[in-house]
Amino acid sequence: MNDNIGVYVCECGPNIKDRIEIDKVIEEISSLENVKTAKKFSLLCSNDGKKFLAEEIKKEELTHLVVAACSPREHEQTFMNVCEEAGLNPYLFQLINIREQCAWMISDKEEATSRAIKYIRAGISRVALHKTLQKKEIEINPDVLVIGGGISGLETCLSLAGADRKVYLVEKTESLGGMASKLSQLLPQQGSGLSLIKEKTKLAENNKNIKIFTSSEVNDVRGFLGNFEVTVKFNEKDSEEKEIRVGAIAVATGFGLFDPKESTQYGYGEIDNVLTAMEFEEMMNSGKVSLKNGKPPKSVALIHCVGRKERGYCSKVCCLYSIRFARYLKDKLSDVSVTDFYIDLCLPHKADQEYFEEAKNKGIRFIRSDEETKVKKSGDKIAVEYKTEGKTDNITVDMVVLAPAMIPAEDTSKLAEMLNIPLDVTGFFKEVHAILDPVSTPIEGVYVVGCALGPNNIPESIIQSQAAAGKIFSSLIPGRKIEPEVKVSEIREDFCTGCQTCLSVCFYGAISFDPFKGISVVNEAICRGCGSCVGICPSGAIRSKHFTYPQLYQEVLEALR
Amino acid sequence: MKKQNVLVIGAGVAGMEASLLLANTGLKVYLVEKEALIGGQTIKFEEVYPNMECATCMLAPKQQEVLQKENIELFLLSEVEKIEGSAGGFKVKIKKKARYVSLVNCIGCAACYEPCPVSLDNEFEEGLSKKKAIAVACAGALPNVPAIDPENCLHLNGKKKECKACQEACMFDAIDFTEKDEKLDLEVGAILVATGFDLLEVKTLTQFGYGKYSNVYTAMEFERLYSQNGPTEGKLILRDNRALKSIGIIHCVGREEQGYCSGVCCMYSVKFAHFIKHKVPDAKICQFYKDLCIPGKSHQKFYEDVLHKGGNFIHYQDIKVESQNSNLQINYGDGNGKKNIFKADMIILSPAMIPRKETKSLAQTLGISQEKRGFFSTQNEELSPVTTEKKGIFIIGCAEGPKDIPDSIAQAGAAVGKVLSYFR
């Protein structure tokens with residue numbers, strides 16, 4: 001072997017120098033096979049230090065570089081940049097952490113020194129097995145596919161479409177608007193759902209960079225960030241299909257509603273004048289709230305949290321819209337009595353409580369009850385049996401309006417499978433990171449917005465739509481190429497038995513099965529190098545390009561010697 | 001795309017997220033942060049709900065990226081003084097206070113703290129620990145470079161001119177007492193305001209006994225007390241050292257006075273019960289709430305898990321903290337108005353999130369308005385949640401109103417979407 005490995009120990013001022021006998025380290029390391037040179041320097045991350053390293057790489061004709069200094073989190077990138085500038089492939093470099101893991105950890109200088117020697121030896125044995133890895137660049141298509149033409153989908157389209165970026169909007173039904181278009185007067189500043197949707201639809205229709213497909217569905221999706229191929233099927237014209245190419249996909253397929261029939265306690269479907277919230281919205285839209293007999297109701301009960309028990313979560317918008325219904329009734333019908341049965345009032349936005357207080361002042365009765373509120377027929381009227389603060393009671397009303405839980409839209413799991421993105425336990429799409437990345441999925445370039453992610457109100461849906469647009473603007477720039485991860489997994493064809501175990505653990509959907517060859521295949525543009533498949537492969541056919549078994553084995557062997 | 005610069009005010013989660021997304025496109029971002037470190041309030045949390053991830057570990061990569069990104073220029077200890085112009089051409093004056101420690105030379109070895117003779121309350125630790133006049137806020141603060149407090153440094157305030165203890169201890173020539181405050185002029189096309197929130201001063205609400213009884217804590221004090229990198233290294237040691245057997249957590253502190261629900265307190269109070277059960281398994285924990293606000297698909301499950309572990313939840317109507325023979329007790333009226341007493345060794349108060357006290361002056365500087373609760377007002381709270389009445393200025397995160405981390409991150413993304421759509 002003709003390796004020229006250069007080893008450089010950083011004194012890090014007194015941090016390493018005072019706690020490790022660097023000269024002893026250098027002496028031990030210098031004698032190792034393939035080590036061309038071993039030197040110390042006062043502070044390698046300084047400008048002088050970087051210059052020194054770059055000169056050494058050239059002067060000593062180094063084939064590999066080992067730096068013993070601080071944590072890779074501090075300066076791995078710094079030294080990789082030095083390699084690159086000096087003409088050495090940055091993957092032929094290894095940073096050994098002898099500060100946090102030796103100098104700062106071990107008070108005994110001798111012990112710290114011998115530990116540092118071990119670690120450096122381990123790094124040298126590993127780096128000798130490193131392979132040159134080359135960065136790749138992939139051309140991208142900046143266009144975007146939006147699935148679902150409700151408020152979120154429309155907002156996403158309007159945010160993104162421009163001269164340099166086309167947006168395709170695929171809507172399953174005949175018209176745009178989704179659930180929001182069915183809502184009557186929204187909150188004070190919003191106007192009606194329909195007028196909001198009309199305004200956005202008009203903007204979308206008049207935008208020549210937005211191509212709208214109604215009565216259509218996405219039938220197949222292939223590819224990866226920057227290069228997706230999508231088949232769109234038109235429902236009206238049988239078997240007609242269209243292929244489109246996009247760089248990113250935003251899923252805005254909205255939500256469904258819990259069917260109160262599933263929960264017999266509410267008598268929905270059996271007792272007249274027991275309505276769902278959506279049915280009440282329809283009445284509000286028609287401008288006439290009436291009972292089956294055509295007369296206006298004199299007393300109305302609103303029941304929150306219908307289906308919450310079954311679904312296991314709070315839908316977060318029902319409290320506020322129930323209050324909206326109550327206020328509407330009070331404003332519209334002067335002598336109506338309105339009773340609102342809630343479990344806990346969920347009013348998490350800054351303006352919500354004021355809206356509630358105003359409702360209380362209008363004479364609406366709010367009763368804190370539990371999940372067991374029952375609706376029964378009582379002559380021509382309806383009896384509501386409830387329990388409040390430990391006591392059971394009941395009232396008789398003309399009309400009951402139920403606020404059902406928001407649930408995943410019906411095609412959610414089908415779409416999840418097609419896009420290879422996960423669902424969470426509630427059946428909604430799952431975020432790649434629920435806290436730090438709430439609109440992204442594990443598949444790069446695929447985003448989910450609005451109620452497809454879970455219950456959200458209109459402002460939150462709009463925010464998420466704009467956020468997905470922000471992420472797409474930021475990652476998919478017209479004319480710029482993308483650089484996928486270099487340290488990816490690879491599958492050795494001869495070893496792969498085609499068992500497909502790896503497919504089940506790949507969080508990013510980077511592995512597919514080639515039925516002709518009978519083996520699994522890694523798409524390097526998607527793989528992020530997490531190594532899950534490497535660990536699970538029963539035949540050892542998969543290896544991670546920068547963490548091969550020989551590299552790890554040698555490293556561990558030296559560290560334990 | 002037109003080349004434009006963007007100013008982001010505040011380097012908490014929202015400000016960092018927006019800066020990174022903008023910088024990825026090649027735009028120049030000026031990130032202005034009042035404190036000497038980045039990360040905002042989130043880095044004070046040991047773990048965040050509902051998945052109980054370590055907040056510091058979660059954010060450290062983002063913080064590092066912000067520090068290392070070439071086209072993010074970070075101004076620490078800095079504030080916006082003046083803004084002129086309009087969208088596409090704002091002229092901004094920044095006041096940058098001297099740090100007296102070089103971000104380039106300092107390697108964060110901490111050798112300078114020990115010799116400093118000054119001892120001060122550490123505000124980052126809610127006053128639960130002391131710090132020197134040269135210090136970082138906590139272990140793991142980023143950038144890992146201390147700053148000198150010029151008002152308390154004996155050399156800088158002139159009380160003992162000859163004291164140069166830190167400078168003498170520094171081996172990297174990083175300390176420079178001659179550094180001066182600076183004024184900088186920037187030109188930007190858009191401005192993102194991400195200045196976060198304050199917590200209500202609970203002292204003003206005397207019924208909770210904060211400040212009067214030593215074992216009444218605020219939620220933020222408890223977060224720090226629980227944190228591994230906090231004042232007690234995560235040990236739940238009470239101010240009077242008594243054993244921790246019984247804990248009362250009071251929700252909605254200041255909700256009535258502020259007139260809104262802060263949306264996150266129920267969840268973090270539930271998290272506290274989880275924390276306490278983890279460190280003191282036999283502790284008796286009782287939560288006093290008004291309405292449990294646990295919105296969204298994953299929160300109820302977390303609540304149920306904690307309930308299962310033995311948390312007790314009581315719906316209160318009125319509440320008062322008192323002390324009997326130096327033993328704390330919570331006197332409360334339950335849903336039926338029935339009076340009861342809960343004896344506690346420690347009481348944690350979950351206070352309302354309120355606008356930053358600087359909101360008013362910043363709103364004036366920016367020429368935008370505040371809504372009635374004092375947060376920055378957006379053009380249309382419901383339909384255009386991040387835009388303000390002034391074109392090119394956006395509000396994100398808790399500067400707009402109380403919200404959790406994911407909602408703040410989403411708003412940051414949304415404002416970036418708006419800015420980039422405008423610059424195209």
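**Exercise 1.** Determine whether Glu389(A) is buried, partly exposed or exposed, and locate the residue in chain A.

*Solution.* Glu389(A) has 15 other C-beta atoms within 10 Å, so it is partly exposed. The classes are: buried if 20 or more other C-beta atoms lie within 10 Å of a residue's own, exposed if 12 or fewer, and partly exposed in between, with C-beta atoms placed from the backbone. Glu389(A) is found in the loop between β18 (381–388) and β19 (391–397) of chain A; strands are DSSP runs (E, at least two residues), numbered from the N terminus. Its phi is near 45°, a positive value in a residue other than glycine.

This is a predicted model, in which local features need pLDDT of at least 70, side-chain atom pairs count only at pLDDT 80 or more, and totals for chains, interfaces and linings use all residues. Residues are numbered from 1 along each chain as its sequence is written, and chains are lettered from A and ligands numbered from 1 in the order in which they are written.

**Exercise 2.** Classify Ser326(B) as buried or exposed, and state its phi.

*Solution.* Ser326(B) lies in the loop between β18 (312–324) and β19 (327–334) of chain B. Although not a glycine, Ser326(B) has a positive phi of about 60°. Ser326(B) counts as exposed, because 10 C-beta neighbours lie inside 10 Å.

**Exercise 3.** Identify the residues that a cis peptide bond joins to Pro50(B) and to Pro143(B).

*Solution.* For Pro50(B), the partner is Tyr49(B), with omega about -5°; Pro50(B) is found in the loop between β3 (47–48) and β4 (53–54) of chain B. For Pro143(B), the partner is Leu142(B), with omega about -5°; Pro143(B) is found in the loop between β10 (134–135) and β11 (147–148) of chain B.

Key. Helix = DSSP H or I, 4+ residues; strand = E, 2+ residues; numbered from the N terminus.
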